[in-house]
Amino acid sequence: MLVLRLLARPMLASTYVVQGLQTLRNPEPLVPAAEPIAQPIAQRIPGMPEQTEQLVRISGGVQLVAGSLLAIGRFPRVSALAIAATLVPTTLAGHRFWEAEDEETRTQQRIQFLKNLSMLGGLLIASADTHGKPSLAWQGRHAAHQARREAALRARTACKTHKISSRLPVG
């Protein structure tokens, strides 16, 4: 599995690194398509800039940084989640196939929408990948289970010891 991760992560990240860099350098072409999605997001999330161009740049920056980290295997779970968080609004803004007028455009936008949906699935899988090691949640549950077993065993041992000692003659 190690070789698979070494190959798959950079492959998954490549699109986001390239697109993120391009978006940072030149966000203007994406602003009109992003407007219907960016403004509701900016209004709902405190501290987000209201300018769509800035939101597009932030999205591109997140994709560039998180994609780079995912590609080199640093913080891969967090990186995959960060990319996934940018991919949802990006997809909804850029591939609104249901609004396309002609059939050819609708088909192309649907393909791109479904491609992004597939990429989102891959990112979600990557965000859950623990390298075969148990997750922190599993480790916590396992430790609690082990502690309960240990306590029960000690209680039984103490009970048996008490029964045996109460049967012994005193003195």
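This is a predicted model: local features need pLDDT of at least 70, side-chain atom pairs count only at pLDDT 80 or more; totals for chains, interfaces and linings use all residues.
Biologist: Where is alanine 84, then?
Modeller: Alanine 84 is placed in helix 4, which covers residues 76-94.

Biologist: Is that residue, alanine 84, buried or exposed?
Modeller: Alanine 84 is buried, because its relative accessibility is 6% and buried means under 20%.

Biologist: Which residues is alanine 84 in contact with, leaving aside neighbours within four places in sequence?
Modeller: With those neighbours set aside, alanine 84 has contacts with Leu120, Leu123 and Leu124.

Biologist: And how far apart are alanine 84 and alanine 66?
Modeller: Their C-alpha atoms are 9.9 Å apart in space, and the two residues are 18 residues apart in sequence.

Biologist: Why does arginine 149 count as exposed?
Modeller: Arginine 149 counts as exposed because its relative accessibility is 53%, and the cut-off for exposed is over 50%.

Biologist: What about a nonpolar patch on the surface; which residues form it?
Modeller: Val3, Leu7 and Met11 form that patch, and together they have about 340 Å² of accessible area.

Biologist: Where does leucine 7 lie, and is it buried or exposed?
Modeller: Leucine 7 is in helix 1, residues 2-25. With a relative accessible area of 51%, leucine 7 is exposed.

Methods:
Residues are numbered from 1 along each chain as its sequence is written. Side-chain values use heavy atoms; hydrogens and water are left out. Helices (H or I, at least four residues) and strands (E, at least two) are DSSP runs, numbered from the N terminus. Buried means under 20% relative accessible area, exposed over 50%, partly exposed in between (1.4 Å probe, protein chains only). Contact means heavy atoms within 4.5 Å. Patches are made of residues with over 30% relative accessible area and no salt bridge: like charges are joined within 9 Å, nonpolar side chains (Val, Leu, Ile, Met, Phe, Trp, Tyr) within 5 Å. Accessible areas come from the Shrake-Rupley method with a 1.4 Å probe; for residues, only the protein chains shown count as cover. A salt bridge is a side-chain nitrogen of Lys or Arg within 4 Å of a carboxyl oxygen of Asp or Glu.
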